[in-house]
Amino acid sequence: MLRAVDVFSPIAPPRGARGLHRFANPGRFLRLAGALLPWVSAIGLILTVIGLYGGLFVAPADWQQGDAVRIMYVHVPAAWLASAGYMALALASAASLVWRHPLADLAAAEIAPVGAGFTAICLITGSLWGKPMWGAFWVWDARLTSVLVLFFLYLGHIALTRAFDTPERGYRAGAILALVGVINLPIIKFSVDWWNTLHQPASISLTGAPKMYIGMLWPLLFMALGASLIFAALVLARLSAAVMERRVRALLAARAEGA
Amino acid sequence: MKRKHRRLAILLAAGLGLGSAAALTLFAFRDNLVFFVTPSDLASRGRAGETLRLGGLVAAGSVEHTTIAGDPAVRFRVTDGRTAVNVSYVGVLPDLFREGQGVVTLGTLAPDGSFTASEVLAKHDETYMPKEVVEALKKSGHWQPGSGPPPPAATWNTLSAAKSGG
């Protein structure tokens with residue numbers, strides 16, 4: 001069954017705007033996203049350029065890894081965002097299942113490909129680092145395997161949401177898959193503490209001193225912040241396009257009915 | 001109870017059930033989820049002829065390089081601080097291999113308790129420091145890399161002597 005009122009249609013009656021549901025209004029979202037997008041992308045790009053320059057040219061080489069340590073400046077932010085992006089996907093899925101939030105379905109569908117891209121970057125750069133440092137491109141330890149599972153969860157979500165004739169059914173199935181997959185996030189995070197792995201434990205924690213020289217740390221933090229904003233900008237742009245696509249479809253459908 | 005509250009309750013209950021199931025499964029399979037066993041594990045549970053991965057630190061002063069029929073060969077001891085195992089390996093070592101470094105070796109346990117490796121991987125730890133910092137730590141006597149893991153991060157991660165020390 002299609003929903004009785006298509007809130008994406010510009011001719012739909014306005015919904016009551018109370019509490020968090022004010023942000024569920026696609027028109028309000030489009031205006032907000034349009035205002036935010038240039039700032040988020042510009043600041044994200046500037047921070048990334050500073051971080052990349054710092055990481056590739058300013059930061060010292062590691063005493064053991066030499067210049068191969070610089071792969072970290074791409075690998076670690078990509079890994080953080082792979083997990084954080086999945087958390088965003090899960091939150092959008094929960095909002096879709098529980099509150100029937102009209103933007104949440106589209107948000108989940110648009111977050112997944114971006115998250116899959118960051119996960120792929122994380123896996124590829126990690127593999128390129130692993131060969132010269134460990135002596136192997138890939139090993140089946142708990143950290144690497146759980147991140148590969150994360151990549152497959154993203155791909156599964158992308159495929160599942162697009163596998164149904166009625167988009168609503170796809171969104172529903174995708175939301176359930178995304179929420180089941182949340183169990184993988186603590187496994188990724190704590191795999192290096194719970195089990196013996198080849199992958200090293202975290203160098204940076206909220207509680208202890210960073211186990212990284214400060215001259216190597218600051219470009220990493222710039223990269224992490226810049227990559228987060230780029231992730232957000234990609235999702236905002238994709239989501240705005242998706243909302244407008246829904247509106248165009250609704251207008252065309254209304255015109256076809258009227259003719 | 002409103003419908004959205006019921007949906008939230010169902011979601012939370014499903015999450016709790018799934019989380020407990022996953023936790024129990026992971027706990028039950030904990031021995032199979034490790035990538036390698038430590039020398040202590042090997043001493044208590046290892047069976048001769050078993051193929052497994054052994055991991056630990058390369059003991060200081062234990063590395064002997066030789067050649068067997070023209071191939072590079074190496075003998076070293078892998079330790080976890082309590083027990084050590086003699087390892088022999090024929091082949092090329094990874095660049096990061098050194099005394100005091102973490103390694104993971106794939107091989108078989110011999111009846112005499114020694115280990116014949118067919119593959120040696122270097123395990124990098126979570127510390128990242130430039131050469132100058134390592135030199136400064138060596139000079140001040142705080143750390144000899146061959147002896148084991150580096151000192152607490154707070155003692156070196158903002159070391160200002162780094163620039164003049166090198």
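Predicted model: local features only at pLDDT ≥ 70, side-chain atom pairs only at ≥ 80, totals over all residues.

Chain A contains seven helices and zero strands, and its pattern along the sequence reads α-α-α-α-α-α-α. The C-alpha trace of chain A spans about 70 × 35 × 35 Å along its principal axes. Of its 259 residues, 41% count as buried. When contacts in chain A between residues at least 6 apart in sequence are considered, 75% of them join residues at least 24 apart.

How helices pack against one another needs two quantities. Two packed helices are described by the angle between their axes and the distance between the axes. In chain A, helix H2 and helix H3 (residues 104-133) pack with their axes 8 Å apart, at an angle of about 160°. Angles over 145 degrees count as roughly antiparallel, so H2(A) is roughly antiparallel to H3(A). H2(A) passes H3(A) in a left-handed crossing. By class, the residues of this contact are 20 nonpolar, eight polar and one charged.

Ala79(A) has its place in helix H2 of chain A. Is Ala79(A) buried or exposed? A residue counts as buried if 20 or more other C-beta atoms lie within 10 Å of its own. Ala79(A) has 23 other C-beta atoms within 10 Å, and therefore it is buried. Ala79(A) and Leu123(A) are 44 residues apart in sequence, while their C-alpha atoms are 8.2 Å apart in space.

The axes of helix H4 (residues 142-161) and helix H6 (residues 184-194) of chain A come within 8 Å and cross at roughly 160°. Because of that angle, H4(A) is roughly antiparallel to H6(A). The crossing in which H4(A) passes H6(A) is left-handed. On the H4(A) side, the contact involves Ala142(A), Arg143(A), Ser146(A), Val147(A), Val149(A), Leu150(A) and Leu153(A). These meet Asn184(A), Ile187(A), Ile188(A), Ser191(A) and Val192(A) in H6(A). The residues of the contact divide into eight nonpolar, three polar and one charged.

Attention now turns to a loop residue. Pro60(A) is found in the loop between helix H1 (26-58) and helix H2 (72-99) of chain A. With 18 other C-beta atoms within 10 Å, Pro60(A) is partly exposed, because that class lies between the limits of 12 or fewer for exposed and 20 or more for buried. The C-alpha atoms of Pro60(A) and Tyr213(A) are separated by 9.1 Å, although the two residues are 153 residues apart along the chain. Which residues does Pro60(A) touch, not counting residues up to four places away in sequence? They are Gly215(A), Met216(A) and Pro130(B).

The axes of H2(A) and H1(B) come within 8 Å and cross at roughly 135°. H2(A) and H1(B) are therefore oblique to each other. Ala94(A), Leu97(A), Val98(A) and Trp99(A) of H2(A) make this contact with Lys4(B), Arg7(B), Leu8(B) and Leu11(B) of H1(B). Its residues divide into six nonpolar, no polar and two charged.

In H4(B), which covers residues 131-140, Val133(B), Val134(B), Ala136(B) and Leu137(B) are buried. Seen down the axis of H4(B), the buried residues fall within an arc of 160°, so they line one face of the helix. H4(B) is followed by Gly141(B), whose phi is positive, near 80°.

Conventions. Residues numbered from 1 in each chain as written. Chains lettered and ligands numbered in written order. Helix = DSSP H or I, 4+ residues; strand = E, 2+ residues; numbered from the N terminus. Arc of directions from axis to C-beta. Contact = placed C-beta atoms within 7 Å. Axes fitted to C-alpha atoms, helices over the stretch in contact; angles between N-to-C directions. Parallel < 35°, antiparallel > 145°, perpendicular 65-115°, else oblique. Left-handed = near helix turned anticlockwise from the far one by under 90°. Nonpolar A, V, L, I, M, F, W, Y, C, P; charged D, E, K, R; others polar.
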